[in-house]
Amino acid sequence: PIKKEDLDLFLMIGDNVYGDSEEEDLKELKSAYKSQRKNFQKLDLDFPFEAIWDDHDYGMNDAGADYPHKEKSKELFLNFWNVSPEDIRRSREGLYFDLMHNVNDKNLQIIFLDTRTFRDSLMPSPNIGQKGKERYIPNTDSSLTILGDDQWEWLREKIDQKVDFRIIVSSIQVLPIGHGWESWNNLPYERKKLIKIIDKASLNETLVISGDRHRGGIYKVKTGSGKVISEVTSSSLNSSFPNEEEYGPLRVGKTFIEENYGVIIVDSNDNDMFVGIKNINGEIVRNITISN
């Protein structure tokens, strides 16, 4: 079904391989990439990719800035995704970057955030497994960071740019506040900071896309000045498992827990982006329209 979509670009937004590696040789991660290369060759995919990592292609489950082998895992990532030797990601810390696409004289900006390289440690839940506190609880220490100083400064500059459409890619969920798994709500000061920066931008509506959760869903919040941030989570392409519904005060409708993928269609005539979550047969199971 994905190959039939006639896509211009496919975004791999994290956990693109599972290669958790404790040792410096990154044996498991190298093996995962080797298998994935064979998979891609078998599938004969005929569209371009852009990618960012999450924890399992970063190198360790839920890992952040303290993961000791991140420079080596970064090199594996850049080589697998054929990132040019001249690309800025080769010479600066982290993998964050952005793209600008012209769609019928309208500018589409895609911002890829690195939520791993600079992220401070999370606060473990005192009640592991309890609903809403499954693994972590929010840490209100405002000195802690997800993006790090340089990436925050870069992001402010990018969001200041005037564009017609903006997509922010975050491997972990940004808006949801109802669960205790990894999300921006683990460091709520950082989450509020991101929302405020988006609020100051020129666009009335901004789209965030995320993965990680092995469930798809749509979330929405209105900023202080009345702008709308919509988040669409698409996860997972090939690894679903039964899950109870979770508390989701910002969620629109129910989550979708079977295999799924996301499709974004930019309509420059109406200044709209149609965003759909599709099941394994290519049928739309959730959708939202972003208008500016």
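Q: Why is His214 called buried?
A: His214 has a relative accessible area of 13%, and buried means under 20% relative accessible area, with exposed over 50% and partly exposed in between (1.4 Å probe, protein chains only); His214 is therefore buried. The model is predicted: local features need pLDDT of at least 70, side-chain atom pairs count only at pLDDT 80 or more, and totals for chains, interfaces and linings use all residues. Residues are numbered from 1 along each chain as its sequence is written, and side-chain values use heavy atoms, with hydrogens and water left out.

Q: Where is His214 found, and what is its phi?
A: His214 belongs to the loop between β8 (205-210) and β9 (217-222), strands being DSSP runs of E of at least two residues and helices runs of H or I of at least four, numbered from the N terminus. Its phi is near 55°, a positive value in a residue other than glycine.

Q: What makes Asn271 count as buried or exposed?
A: The relative accessibility of Asn271 is 19%, so this residue counts as buried. Asn271 lies in the loop between β11 and β12 (272-279), and its phi is near 55°, again positive in a residue other than glycine.

Q: Why is the pair of Tyr58 and Tyr67 called tilted?
A: Rings of Phe, Tyr and Trp (its six-membered ring) pair if their centres lie within 6.5 Å; planes under 30 degrees apart count as stacked, over 60 as edge-to-face and the rest as tilted. The centres of Tyr58 and Tyr67 are 5.4 Å apart and their planes stand at 50°, so the pair is tilted. Tyr58 is buried at a relative accessible area of 0%, and Tyr67 is buried at 6%.

Q: What makes Phe97 and Phe112 a stacked pair?
A: Their rings are 4.2 Å apart, centre to centre, with 5° between the planes; an angle under 30 degrees counts as stacked. Phe97 in strand β3 (residues 97-103) and Phe112 in strand β4 (residues 106-112) are 15 residues apart, and the pair links distant parts of the chain. Both residues are buried.

Q: How do you know that the charged end of Arg89 sits over the ring of Phe97?
A: The rule requires NZ of Lys or CZ of Arg within 6 Å of the ring centre and within 35 degrees of the ring normal. The charged end of Arg89 is 3.7 Å from the centre of the Phe97 ring and sits over that ring.
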